[in-house]
Amino acid sequence: MERQIPMDLGLPEVVEESEVVVRELIEVITTVGSYDGFRKTQRKDCLNLVRRLKLLVPLLEEIKDQLGDPSNVSSSGSNSLVSLKKALLGAKKLLKDCNYGSKIYLAMESEAVMCRFHAVYDKLNQALDGMPYDELGVSVEVKEQVELMRMQLKRAKRRTESQDMELAMDMMVVFSKNEDWNADIAIFERLANKLELHTIADLKAETAAIRKLEKRRGGHNGTMQRILDLLGKFKQIAGIDETVSLEGPISTRTLQRCQSSLIPNEFLCPITLEIMTDPVIVATGQTYERESITKWLNSNRRTCPKTGQALDHLSLAPNFALRNLILQWCEKNNFELPKKDCYASCESYSAELMEEISSLVRDLSSSQPNARRDAVVKIRMLSKENPENRILIANNGGIPGLVQLLYYPDSKIQEHTVTALLNLSIDETNKRLIAREGAIPAIVEILQNGTDEARENSAAALFSLSMLDENKILVGNFNGIPPLVNLLQNGTTRGKKDAATALFNLSLNQANKSKAIKAGIIQPLLRLLEDKNLGMVDEALSILLLLVSHSEGRNEIGRLSVIETLVEIIRSGTPKNKECAVSVLLELGLNNSSLALAALQFGVYEPLKEITITGTNRAQRKANSLLHHMSKCEHIP
């Protein structure tokens with residue numbers, strides 16, 4: 001705890017202590033101003049806080065100048081500086097955590113971190129409120145600047161939550177205990193991009209941050225294991241074959257690297273840091289071990305791992321000159337290269353594959369129906385197998401031919417075609433190509449009239465395509481939302497899940513919220529809340545939480561029967577169910593106090609009190625806010 005300056009100190013001591021404090025304050029602001037790695041989930045708040053802290057520099061410079069005259073210094077002024085120092089050190093700690101901390105952990109605890117920001121705002125305001133500006137000789141201009149900063153802090157404190165719902169939904173999906181971690185790889189890829197954990201350097205820094213977090217928290221627990229699991233998935237996507245553990249080294253291969261530390265750096269693969277046995281050159285001119293860069297490319301990456309530049313092509317050229325140098329060095333230093341399988345068969349396979357794909361793309365336009373059918377079935381299978389195939393099919397002009405087949409008057413061909421496009425759309429670039437070729441209205445048509453499997457895969461395709469904001473707008477404009485709502489209401493179990501995922505994604509767009517509400521989405525969502533066998537309560541609540549921010553949505557959701565259902569979920573649902581239900585009820589109650597009172601009549605008070613103690617961090621905060629609002633409505637003691 002920061003000490004106050006004793007009142008019995010002599011004036012010279014007070015001046016000297018105050019000068020030290022002012023220097024320390026300026027150093028703190030300089031330090032936080034040098035941070036340049038703020039995590040994406042908190043970056044905006046961090047940059048705003050740093051900008052506001054820099055507004056204090058003129059104040060501190062004036063105070064430092066005035067300290068030259070002892071008559072301007074008092075114990076109260078010195079103690080105010082100590083209070084300001086305490087507030088600034090709290091801000092520095094928060095900003096340091098947001099600059100160097102685990103990106104995954106900060107995303108999981110985004111609301112708790114926001115509470116820390118609010119606490120820092122309060123402490124800064126309190127310290128500045130008690131500052132004796134006149135005694136310290138602060139000019140009117142600087143006082144006005146400080147007052148402006150305080151007003152900004154108060155506005156920031158009142159700022160409503162702007163949670164990234166897409167990120168929150170993805171985090172909820174991947175951390176669900178029932179989720180198959182091998183499914184929906186697109187969600188993991190989107191998370192990796194959102195959290196900026198897609199390069200080797202990013203992932204190494206995240207591993208180090210998680211190690212520090214574990215030491216600070218004093219041990220390993222379930223939360224840490226979930227963070228490690230997700231980090232491991234991100235490394236797998238990036239093509240890094242390492243076992244993630246907080247105990248000891250990251251992998252046995254790390255020990256091997258230490259033994260070979262004397263190997264010239266240019267002989268080491270930038271990905272694995274191991275000596276290369278089969279060096280190849282990529283489009284940027286950088287050299288990698290063939291096996292490592294192939295894993296990278298097969299993980300749906302089109303950038304150079306070392307430079308981050310986009311690759312103009314995916315061809316790999318053997319670096320014979322470097323290989324000869326490596327062999328000469330090994331012979332001279334009695335170093336034995338690790339044994340690797342011959343790659344000739346891989347090269348011939350790739351050539352055969354490229355020829356096969358070119359032939360299949362040509363057959364998509366064949367005049368023979370059987371040839372078309374066989375080609376689209378084969379492309380469907382190839383596009384499912386690995387990322388490289390998706391790129392090769394697109395590069396060979398497969399997407400325009402497939403889009404044309406969406407209109408072919410054969411339901412099975414349509415089914416295979418929409419599924420092939422779904423597989424191809426996993427690639428980010430292909431999402432744009434598919435939409436640009438005019439596929440979305442045809443997919444919507446199949447969603448309305450196709451076979452059950454075709455409808456399910458059409459919904460999944462619209463979900464995948466709508467990861468791009470421009471495609472969210474296109475799906476809404478081509479009337480894709482009503483048939484999705486119909487599938488949510490009348491589809492198979494898998495169809496309902498695909499429709500729910502697509503509708504959540506599309507409802508992140510404000511205009512689509514209104515379209516979904518007009519299409520009648522509320523009633524099927526409410527039925528999902530009541531049907532526990534489907535296991536879609538979380539999905540339904542997440543979509544309702546998006547729609548309740550819309551006035552039309554509140555009108556539809558704000559019925560007594562819905563309030564009663566929400567109260568029942570708050571009483572007996574899973575922790576995640578309770579969290580979402582409280583969030584929906586809070587939004588309804590803040591906009592219509594009679595709904596909050598109705599919830600009280602349905603018996604929500606005691607379950608809410610319990611959640612404030614035993615719920616998730618987010619649920620506790622929401623429950624406290626709701627109870628506070630209800631107390632103003634009903635004067636609850």
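Let's start with Arg150, which counts as buried at 10% relative accessibility. Keep in mind that everything I show today comes from a predicted model. Arg150 has a partner: Asp129 forms a salt bridge with it, and the closest N and O atoms are 3.5 Å apart. Asp129 sits in helix α6, residues 110-129, and Arg150 in helix α7, residues 140-158, so this pair ties together parts that are 21 residues apart in sequence. Is Asp129 buried or exposed? Asp129 is exposed, with a relative accessible area of 54%, while Arg150 is buried.

Let me show you a few others. Lys143 and Asp134 meet through their side chains in a salt bridge, 3.5 Å from N to O. Here Lys143 is partly exposed, at 30% relative accessibility, and Asp134 is exposed, at 65%.

Which residue does Glu579 form a salt bridge with? The partner is Arg618, and the closest N and O atoms are 3.3 Å apart. Glu579 belongs to helix α31, residues 575-591, and Arg618 to helix α34, residues 617-634, so the pair ties together parts that are 39 residues apart in sequence. Both Glu579 and Arg618 are buried.

Salt bridges can also join up into a network, and you can find one linking Lys93, Asp97 and Arg116.

Let's stay in that part of the chain for a moment and look at Val113, which lies in helix α6. Val113 is buried, with a relative accessible area of 5%. What is Val113 in contact with, leaving aside its neighbours within four places in sequence? The list is Gln42, Leu94, Cys98 and Leu106. Take Leu94: it is 19 residues from Val113 along the chain, and their C-alpha atoms are separated by 8.3 Å.

Next, helix α21, residues 439-449. Its buried residues are Ala439, Ile440, Ala442, Ile443, Val444, Ile446 and Leu447. What covers them? The cover includes α18, α19, α20, α22, α23 and α24.

Two packed helices are described by the angle between their axes and the distance between the axes. For α24 and helix α27, residues 522-530, the angle is about 30 degrees and the axes are 9 Å apart. Angles under 35 degrees count as roughly parallel, and α24 and α27 are therefore roughly parallel to each other. Their crossing is left-handed. Zooming in, Val485, Leu488 and Gln489 in α24 meet Pro524, Leu525, Arg527 and Leu528 in α27. Those contact residues divide into five nonpolar, one polar and one charged.

Glu196 is not a glycine, yet its phi is positive, at about 55 degrees. You will find Glu196 in the loop between α9 and α10, where it is partly exposed at 24% relative accessibility. The other one is Asn479, again not a glycine, with a positive phi near 60 degrees. Where is Asn479? Look in the loop between α23 and α24. Asn479 counts as exposed, at 52% relative accessibility.

Notes
Residues numbered from 1 in each chain as written. Predicted model: local features only at pLDDT ≥ 70, side-chain atom pairs only at ≥ 80, totals over all residues. Heavy atoms only, no water. Salt bridge = Lys/Arg side-chain N within 4 Å of Asp/Glu carboxyl O. Helix = DSSP H or I, 4+ residues; strand = E, 2+ residues; numbered from the N terminus. Buried < 20%, exposed > 50% of the residue type's maximum accessible area, 1.4 Å probe, protein only. Contact = heavy atoms within 4.5 Å. Axes fitted to C-alpha atoms, helices over the stretch in contact; angles between N-to-C directions. Parallel < 35°, antiparallel > 145°, perpendicular 65-115°, else oblique. Left-handed = near helix turned anticlockwise from the far one by under 90°. Nonpolar A, V, L, I, M, F, W, Y, C, P; charged D, E, K, R; others polar.
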